[in-house]
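Here is a short report on one protein model. Keep the sequence and the 3D view open while you read.

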Amino acid sequence: MTGNPPDSACDVLIVGAGIAGLTAARALRAAGQSVLVLEKSRGFGGRAATRRWEALPVDHGAQFFTARSAEFTAQVGEWLARGICFEWSRGLHRASAQGPRPPDGDNFPRYACHEGMSSLGRDLAGPDPSFVLRETKVVSVCQSGALWEVWAEDGRIFRARALIMTPPPPQSATLLADAAPAAAAKLSAISMAPCLALAARYPRRELPWRGVQAPQHPVVSWVGHDTSKRPDLHPGATIVVIHASADFSLERFGADEKELVPQMLDAASRITGEDFSAPSSFFLQRWRYALGAEHSGPPAILFPGEAPLILAGDAIAGGKIEGAWLSGQEAARLLS
């Protein structure tokens with residue numbers, strides 16, 4: 001079954017069409033189960049996100065991904081073979097008092113997508129994504145006998161014999177507070193940090209790095225050369241993506257962009273030695289739940305019963321694209 005009409009019951013209901021949710025859905029559907037995915041936004045992939053900005057694709061969420069496990073390495077090999085992604089960099093520059101320091105010994109591949117990181121979500125959704133109901137915001141979750149009931153903001157009710165929750169832990173915890181308090185408590189123990197992401201456009205210029213990591217800087221943790229992933233798709237332009245540090249993002253998350261943008265541009269200029277003070281245009285993305293803490297537990301958590309519940313997502317699996325994919329695979333395995 002490739003999709004379910006509203007208000008019908010299916011085998012598995014998944015909340016969230018990020019990498020974890022779509023990976024679980026693909027595996028479950030391949031095993032013959034009927035699956036419905038509910039996604040509040042219009043896109044696929046969650047924070048593996050690409051915005052079409054001034055007719056140019058820009059990665060304003062996850063900037064790249066790596067593959068360490070054999071299982072995910074095999075998946076990346078498939079993506080490489082089909083042109084979904086490519087090896088973007090081996091190692092990244094690092095901020096130092098003397099300017100960006102070239103990679104030294106950290107030479108494992110970083111992968112990116114020429115048409116944007118959202119390519120991963122679109123590929124996982126497949127050629128017929130009718131099993132994903134986008135722009136469907138979940139507002140209530142409850143268990144009714146052997147079924148889960150999930151209510152959407154527009155009044156539709158969806159029912160399933162099993163439920164997989166993949167949103168950021170604070171959001172899932174709120175939805176599960178009454179229906180599954182033990183699961184909500186587990187989620188509430190997982191901390192998430194925000195991230196302010198700034199994309200800035202300049203006339204085309206050459207930059208001597210793909211990305212500069214600055215984990216100790218108080219204002220900016222990352223300066224990425226987005227155009228290096230797709231120079232042909234950014235004709236005449238150079239776009240950089242700047243991520244604020246977790247502390248700066250937390251302290252100033254709701255501040256006016258007139259205050260935030262100059263501070264972030266100044267910090268990026270100091271870190272890289274480039275003058276980023278006067279972009280021709282920019283946009284600021286506020287990711288409220290962006291960074292999860294290190295996690296050493298299983299990539300997905302099962303709460304068994306008459307109607308099983310699984311907690312999944314990158315925050316459950318220690319963050320990153322690979323963690324999200326492994327979490328989705330494990331969620332599907334737990335229901336097999």
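## Basis of the model

This is a predicted model: local features need pLDDT of at least 70, side-chain atom pairs count only at pLDDT 80 or more, and totals for chains, interfaces and linings use all residues. Residues are numbered from 1 along each chain as its sequence is written, and side-chain values use heavy atoms, with hydrogens and water left out.

## Overall build

The protein has eight helices and 18 strands. These are DSSP runs numbered from the N terminus: helices are H or I with at least four residues, strands are E with at least two. The C-alpha atoms fill a box of roughly 65 × 40 × 35 Å along the principal axes. The radius of gyration is 20 Å, which agrees with the value near 20 Å for a compact globule of 336 residues. That radius is taken over C-alpha atoms, and the globule rule is 2.2 Å times the number of residues to the power 0.38.

Of the 336 residues, 54% are buried. Buried means under 20% relative accessible area, exposed means over 50%, and partly exposed lies in between (1.4 Å probe, protein chains only). Contact means heavy atoms within 4.5 Å. Among contacts with a separation of 6 or more, 68% join residues 24 or more positions apart.

## Surface and charge

The protein exposes about 14500 Å², and carbon and sulfur atoms supply 51% of that area. Accessible areas come from the Shrake-Rupley method with a 1.4 Å probe; for residues, only the protein chains shown count as cover.

There are 33 positive and 34 negative side chains. The centres of the two sets lie 2 Å apart. Lys and Arg count as positive, Asp and Glu as negative; His and the chain ends are not counted. Each charge is placed at NZ of Lys, CZ of Arg, CG of Asp or CD of Glu.

## Helix H3: mostly covered

Helix H3 spans residues 118–125, and seven of its eight residues are buried. They are Ser118, Ser119, Leu120, Gly121, Asp123, Leu124 and Ala125. Their cover includes helix H1 (19–30), strand E3 (50–53), helix H2 (70–82) and H8. Just after H3, Gly126 takes a positive phi of about 85°.

## Helix H5: one buried face

Helix H5 covers residues 181–188, with Ala183, Ala184 and Leu187 buried. Seen down the axis of H5, its buried residues fall within an arc of 100°, so they line one face of the helix. The arc is that of the directions from the helix axis to the C-beta atoms. An α-helix has 3.6 residues a turn, so residues three or four places apart point the same way.

The buried residues of H5 pack against helix H4 (169–176), strand E17 (301–303) and strand E18 (309–311). The face turned away from that buried side carries the exposed residues Pro181, Ala182 and Ser188.

## Buried residues in strands

His243 sits in strand E15 (residues 237–244). It is buried, at 13% relative accessible area. Beyond its neighbours within four places in sequence, the contacts of His243 include His60, Gly61, Gln63, Cys195, Trp222 and Met264.

Pro109 belongs to strand E7 (residues 109–112). It is buried, at 17% relative accessible area. Not counting residues up to four places away in sequence, Pro109 touches Phe65, Thr66, Glu87, Ser89 and Arg90. Its C-alpha atom is 9.8 Å from that of Arg68, 41 residues apart along the chain.

## Loops and positive phi

Is Glu135 buried or exposed? Glu135 is exposed, at 56% relative accessibility. This residue lies in the loop between strand E8 (132–133) and strand E9 (138–144). Glu135 has a positive phi of about 50° although it is not a glycine. Thr136 is in the loop between E8 and E9, but is buried at 2% relative accessibility. Among the contacts of Thr136 are Leu38, Glu39, Ala152, Arg156 and Phe158.

Lys320 lies in helix H8 (residues 320–334). Its phi is near 75°, a positive value in a residue other than glycine, and Lys320 is exposed at 62% relative accessibility. Glu206 is in the loop between strand E12 (192–203) and strand E13 (211–213). It is exposed, at 67% relative accessible area.
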